[in-house]
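Good morning, everyone, and thank you for making time for this.

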Amino acid sequence: MPVLSRSAGRVLGPLVLALPAVLVSCTTERPPPPPPADPGPVEVDATRDELAALAAAAQDRHLVARYVFSRPGQPDRDIVFTSANDGSWRVDVPGGALGGTADVSLAATGDGLFQCALPSTGHPEPARCVRLGERDDALPRRLDPRIQHPLTDWLDVLTDRRAPLAVALAATPKGLSGTCYSVDSTSASLNAPVDVGIYCYDTDGTPTGVRTEAGTLRLAAPPGPAPATVQLAGPVVADAEPLDTAAPPTPDPSLSPSAGTP
């Protein structure tokens, strides 16, 4: 029987002792389990899809609806929205011009986009309309009461999955109804595509309420049937000027002809 030399024993001895430790290490070490899947983005996408579907239904919803617009420190205003069967629309906005002293109606038809001045305390003249441009043109900021957007062009943004929006389910604010969503902008631009706020819809796509910094718009009664098309509030006057939203400047008393007259 061969006998190991003393030098060979010195070499093999540490290897023999180390082998069990290596085997134990190989059997006890396991690859870490994969991290659990994060359901967050999936849920966010589903919520965004829900809102997009309701906004698309709202675009197809033709009706006559009365809303109440409220904001702190101001009296409530009744807003009448008409979405006609031919795709034209009209929104009547009391106090929508001249610093809240004049009533206006905005309408988009096949002939273009119009602002109609309605008889009111700040503008007692008969109703007359001014063509502002093509029906899909944006309103100049100085003419924009902003109340109509959640019912009209912002629906295009809410249905656009490429729009820079963050959407989440939200609790229904007091006084509103329907399923509500919190909408925020993910864009660094100061010009957000829609106002940040809460947007609420009925299951058939009827907008039931919106709450933003501008105020709260809530559906006041069940909608009625839509007309075939919308009618402008008055005749179109070619040389008339539209009414600004801002109040006209206060006249300077020193420029009055009677200034200084005893």
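Let me begin with a term: a disulfide is a pair of cysteine sulfur atoms within 2.5 Å. What you see is a predicted model, in which local features need pLDDT of at least 70 and side-chain atom pairs count only at pLDDT 80 or more, while totals for chains, interfaces and linings use all residues. Residues are numbered from 1 along each chain as its sequence is written, and side-chain values use heavy atoms, with hydrogens and water left out.

How many disulfides does the structure hold? There are two, and with bonded cysteines counted along the chain, they follow the pattern 1-2, 3-4.

In one of them, Cys116 and Cys129 are joined with their sulfur atoms 2.0 Å apart. Cys116 lies in strand β5 (residues 112-118) and Cys129 in strand β6 (residues 128-133), so this pair ties together parts that are 13 residues apart in sequence. Strands here are DSSP runs (E, at least two residues), numbered from the N terminus. The torsion about the S-S bond of Cys116 and Cys129 is about 105°, so the disulfide is right-handed.

Cys180 and Cys200 also form a disulfide, with sulfur atoms 2.0 Å apart, and this link is right-handed, with 105° about the S-S bond. Cys180 belongs to strand β8 (residues 179-185) and Cys200 to strand β9 (residues 197-201), so the pair connects parts that are 20 residues apart in sequence.

Finally, are these cysteines buried or exposed? Buried means under 20% relative accessible area, with a 1.4 Å probe and protein chains only. Both Cys116 and Cys129 are buried, Cys180 is buried at a relative accessible area of 1%, and Cys200 counts as buried at 1%.

Notes: Helices (H or I, at least four residues) and strands (E, at least two) are DSSP runs, numbered from the N terminus. Buried means under 20% relative accessible area, exposed over 50%, partly exposed in between (1.4 Å probe, protein chains only).
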